[in-house]
Amino acid sequence: MQNTVGQPIRIFIGSSFRNRVEEKVFVYSLLKHTRTPLEINIINGETGSVTMHNGEEKRLPAIVTDRIKGATAFSLARYAIPHWCNYEGKAIYCDSDQISLADIAQLWNYDLADCAIAAVDVKQAESGKDYVNTFLQQLIESPEAYYLTSVMLLDCAKLKHWSIESIIQGLNSDRFSYSELMFLGKTFLAHVPTSVTRLPSEWNHLDVLTPQSKIVHFTDLTSQPWLFHHNAVGAFWEKFYLEAVQQGFVETDDIEQAYQRNVISKRIKDLPQMTGIGGQTTNYFWRTWAATCFRFRKTVKAWLSLLRVRKQAISN
């Protein structure tokens with residue numbers, strides 16, 4: 001399925017009120033790197049709805065909204081995308097905490113090989129070490145295939161059997177686990193037969209930046225650069241943030257509201273005012289010092305934990 005010249009690319013972004021700043025930075029990065037018209041539809045996990053590109057609001061059924069909670073409350077809503085598209089054409093899904101470095105038309109035109117979904121295989125994912133150790137290692141070591149659903153190309157016409165109500169009912173009745181659902185595991189795919197093809201890993205680089213990166217995903221909630229100072233590629237996100245502010249994508253009210261909600265740090269709140277060499281120097285030392293303190297506390301905590309284990313072993 002190739003894109004017709006000038007045909008808008010349909011994108012759904014999983015977001016919420018608390019994710020508004022990173023969402024707008026992501027939208028800016030998408031538009032910066034393409035000349036193809038985009039139809040951007042924003043999923044709001046807090047309200048259980050999607051605001052379509054034309055302003056129309058569509059709501060999720062109660063069986064889904066009853067399960068909505070947490071920092072990524074929009075997670076389940078991605079499975080309603082084929083329904084929202086009337087099971088016609090293609091759609092791209094992305095989480096809001098990402099930066100696009102390539103023309104999204106390349107993803108839109110990716111060869112689905114007659115499959116319904118293209119997504120990055122977890123075993124091929126490039127990721128920061130902490131995120132692998134904490135979240136992905138068990139999936140990587142499994143003989144079964146798992147996929148990152150935070151970036152997906154969907155052929156909605158091949159997903160007519162996807163019913164969000166049926167999927168949630170299967171989850172509620174333990175037909176498959178939440179992890180199987182979110183990583184397109186075997187038990188979920190057996191419940192809702194769906195063909196998946198592998199997407200090159202550069203379309204979903206997890207907290208890493210390489211010359212091949214096409215989408216960088218700040219997925220580790222303990223190091224996202226708008227809240228924390230120790231992310232290894234945090235300065236990269238800040239560059240796009242400042243550009244988005246300068247271009248009017250992120251407004252002063254967005255920044256102020258995010259700070260009041262405690263979803264961005266004071267440094268990120270103040271960053272647009274840190275201009276010139278002096279401002280850049282202040283930001284660099286602020287970020288570096290805060291990151292150093294974080295790593296020191298983490299090291300001390302690890303040592304104390306090790307000492308407690310050794311003390312317990314000796315006492316036994």
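The second largest pocket has a volume of about 400 Å³, and among the 17 residues that line this pocket, Asp-130, Asp-220, Ser-223, His-230 and Lys-298 are the closest to its centre. The model described here is a predicted one.

**Pocket lining**
- Helix α5 and helix α12 (276–315) each contribute at least two residues to the lining of the second largest pocket.

**Helix α5**
- Although α5 (residues 129–141) has 13 residues, its end C-alpha atoms are only 15 Å apart, which falls short of the 18 Å that a straight helix would reach at 1.5 Å a residue.

**Nonpolar cores**
- The largest nonpolar core has 68 residues, and Phe-12, Ile-104, Ile-117 and Phe-188 are those with the most contacts inside it; strand β8 (residues 147–155) gives the most to this core, with 6 residues.
- Leaving aside residues up to four places away in sequence, Ile-104 touches Ile-9, Ile-11, Leu-30, Thr-34, Leu-38, Ile-92, Trp-203 and Ile-215.
- A second, separate core consists of 21 residues, including Val-21, Ile-99, Ala-258 and Val-263.

Definitions and conventions. Residues numbered from 1 in each chain as written. Predicted model: local features only at pLDDT ≥ 70, side-chain atom pairs only at ≥ 80, totals over all residues. Heavy atoms only, no water. Core = buried A, V, L, I, M, F, W, Y, C linked by side-chain atoms within 4.5 Å. Buried < 20%, exposed > 50% of the residue type's maximum accessible area, 1.4 Å probe, protein only. Helix = DSSP H or I, 4+ residues; strand = E, 2+ residues; numbered from the N terminus. Contact = heavy atoms within 4.5 Å. Expected span 1.5 Å × (residues − 1). 1 Å grid on protein atoms, 1.4 Å probe; cavity = no way out; pocket = protein on both sides within 12 Å on 5 of 7 lines; lining within 4 Å. Points joined across faces, edges and corners; volume = space filled by probe spheres on them.
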